[in-house]
Amino acid sequence: MLSSLINTPESIYQTLLKFCRVKSVTDSEGEKEAPQFLYEELNKLPYFQKNPKHLSIQPIQGDRLGRSNLYAWIKAEKPVAKTIILMGHFDVVDTDVCGNLKAEAFDPVNYTKLMENEDISEEARIDLESGKWIFGRGTADMKCGLIVQAAVLEEFSRHPELLDVNLLFMAVADEENNACGIQEGVRYLAKLKKEGYEFLCCIDSEPSITLENKECAWIHLGTIGMYTPFTFVLGRETHVGEYFEGLPASLIAFKLGGLLEGSSSFAETFKEVTYPPLTCLKVYDLKPTYSVTVIERIAMYYNSLFVTMTPDELQAMMKTAAKIALGSALEDYHKSWLEKRTHSEKKQFNPQVIEYRELAELAERKSGISKQKMASEFLNSLPNCLELQDRGIRLVNHLVDAAGLIGPAVIIGFLPPYCPSGFNERKTAQELKIIETVEQLVVLAKNQYHQSISIGEIYEGISDLSEFAYKGTARDIHTLSRNFPGWGTDFEYPFEQSKYLDIPVVNLGPIGKDAHKKTERLYLPYALEVLPKLLKEMIERIAN
């Protein structure tokens, strides 16, 4: 029960344990249970008993899995437009990395005890033996943040007559995958803004994710952006006994992967901080069955973090790498042919690097069917249970056939999820107010709670804060929308609503470590005793 959470660390703790037992893994049935849990807990509060319309579960429109978000309002008694948003996600990643303890990972107390017998890092062992950390899926990322926000909401609900602003608590689905939850939230907020609401700030409470000062609390003024670029490599099919009659896609793909993976060229530096480089998230061998035939098609997609990098800049770098990989593969092919001097005639190839939009246009000309119709009909024929990334790659594969494209070729494009970057530009009064408030909180935490807090420009973990103030250009939108397989059918980013909202953001969350790993854990003293007070203080200072 959430009653008096703000004054009782034990109550926050017990509610968090109950919430962690809800197995809200992204894209699972359990993800649908999380908003219901929050609804039932919040509905116990007198404020929502008196104002039932201020608490609701709202479906995500068009979501193929039927998921929902939760919205809870504490409204000032005297009607005001000014509103502060508290926001976080309730989905968690799966527990496969936990091995034989994957089922127990949703029970933090038991899981923490079981960690005593596990082979874990020295740092994790020290934290475990201190008794100040609790292990388990969702403890840090990010069910603690949501429960602390709910506790602060409960505190303000006692005396709404003292509020000079409205508070809107948003708990959303699907942060760990395609961000469908927050994108629905953006549409909801855009509608509210048109009705006259004025949003002062959005406060997320994601856990600290940093390579620096891990023991320190952090407040972040912005969040990293993420592209998910893909490469689709098309070779030339042949029997392995007639190797030089074709060209394996694997030869090209392996060279391309070596150029892209971990390359410093793709690691952006912003305000003297260099962020992680591009990394491959999945590899597809599109050969349907075993046969002694070389692989003709391989696809890969990647995680690319950015702050200011444009999609055109990323595509240009991907194209350059693809041209180099094709050239190197053909050089090796010709060298091997000369060494073997087989009876096969040396093949002459016309290597190509093309964007997804060019592939779609080629398929349209070849088939006489509009690219939009071709894409929607194919995607609608696929099972809804397939991930958006799988559906996108299958569509590319389909269009290669429709276009009659002959390899060697590399097709470059984007897949969901796409998350814009968000950062404090120190231009508006609201942005400056946040800077001032954060600096005051750092001093307050040190003097009153003996807690050190670092200020970071960019939150390094992907977060839903990306969606609140799209800073790209019309050119960026043009490039992205034309190079997403399934755009308009499976996926469409609400650029205009995000840009229209233009809400400054800040992240104030718990101290956590090893998000998504077997040893995910939460530092309890800060989470239960200090964070709720700082979050309440931040709201009050931003409101004034």
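# Reading sheets, helices and pockets

Me: Which residue in strand 19 is the bridge partner of Gly-512?

Reply: The partner of Gly-512 in strand 19 is Leu-522. The model is a predicted one, in which local features need pLDDT of at least 70 and side-chain atom pairs count only at pLDDT 80 or more, whereas totals for chains, interfaces and linings use all residues. Residues are numbered from 1 along each chain as its sequence is written, and side-chain values use heavy atoms, with hydrogens and water left out.

Me: In what sense do strand 18 and strand 19 pair, and over how many bridges?

Reply: Helices (H or I, at least four residues) and strands (E, at least two) are DSSP runs numbered from the N terminus, and two strands pair if DSSP finds at least two bridges between them. Here strand 18 and strand 19 (residues 521-523) are antiparallel and share two bridges. They belong to an open, antiparallel sheet of three strands, ordered 4-19-18. Strand 4 (133-135) and strand 18 (512-513) are the edge strands, each having a single partner, so one side of each has no neighbour in the sheet.

Me: Which helix lies across strand 4, strand 18 and strand 19, and at about what angle does it run to strand 4?

Reply: Angles run from 0 to 180 degrees between N-to-C directions, the axes being lines fitted to C-alpha atoms, for helices over the stretch in contact, and contact means heavy atoms within 4.5 Å. Helix 5 (residues 122-130) lies across these three strands, at about 115° to strand 4. Helix 16 (residues 524-543) also packs on this sheet, where it touches strand 4 and strand 19 and makes about 50° with the direction of strand 19.

Me: Which residues does Ala-543 touch, leaving out those up to four places away in sequence?

Reply: Ala-543, which is placed in helix 16, touches Ile-84, Val-165 and Leu-200 on that count. Although Ala-543 and Ile-84 are 459 residues apart along the chain, their C-alpha atoms are separated by 7.7 Å.

Me: In what order do the eight strands of the other open sheet stand?

Reply: The order is 1-2-5-3-6-17-7-16, with mixed pairing. Strand 1 and strand 16 (453-456) stand at its edges with a single partner strand each, so one side of each is left without a neighbour in the sheet. From one strand to the next the twist averages 20°. Helix 13 (residues 429-449) packs on this sheet, touching strand 6 (198-204), strand 7 (217-220), strand 16 and strand 17 (505-508), and its direction makes about 160° with that of strand 16.

Me: How do the pairings within that sheet look, and which residues cover both faces of strand 17?

Reply: Strand 3 and strand 5 run parallel and are joined by seven bridges, with Ile-85 having Leu-168 in strand 5 as its bridge partner. Strand 17 pairs in the parallel sense with strand 6 over three bridges, and in the antiparallel sense with strand 7 over two bridges. Asn-507 in strand 17 stands opposite Asp-204 and also opposite His-220. Buried means under 20% relative accessible area, exposed over 50%, and partly exposed in between (1.4 Å probe, protein chains only). Both faces of strand 17 are covered, with Val-505 and Asn-507 buried on one side and Val-506 and Leu-508 buried on the other.

Me: Which residues of helix 2 are buried?

Reply: In helix 2 (residues 33-42), Ala-34, Pro-35, Phe-37, Leu-38, Glu-41 and Leu-42 are buried. They lie on the same side of helix 2, because they cover an arc of only 155° around the axis, the arc being that of the directions from the helix axis to the C-beta atoms. Their cover includes helix 1 (9-20), strand 1 (55-59) and helix 6 (139-157).

Me: Is Thr-95, in its loop, buried or exposed?

Reply: Thr-95 lies in the loop between strand 3 (82-89) and helix 4 (108-114), and it is buried, with a relative accessible area of 6%. Leaving aside neighbours within four places in sequence, Thr-95 is in contact with Lys-102, Ala-105, Phe-106 and Arg-137.

Me: About how much space lies in the largest pocket?

Reply: On a 1 Å grid over the protein atoms alone, a pocket is an open set of points with protein on both sides within 12 Å along at least five of seven lines, a cavity is a set where a 1.4 Å probe fits but cannot get out, and lining residues have an atom within 4 Å of a point. Points are joined across faces, edges and corners, and a volume is the space filled by probe spheres set on them. The largest pocket holds about 1,400 Å³. Of its 44 lining residues, Val-93, Glu-176, Ile-462, Ala-515 and His-516 are the closest to its centre. Strand 13 gives the largest share of that lining, three residues. There is one cavity of 30 Å³ or more.
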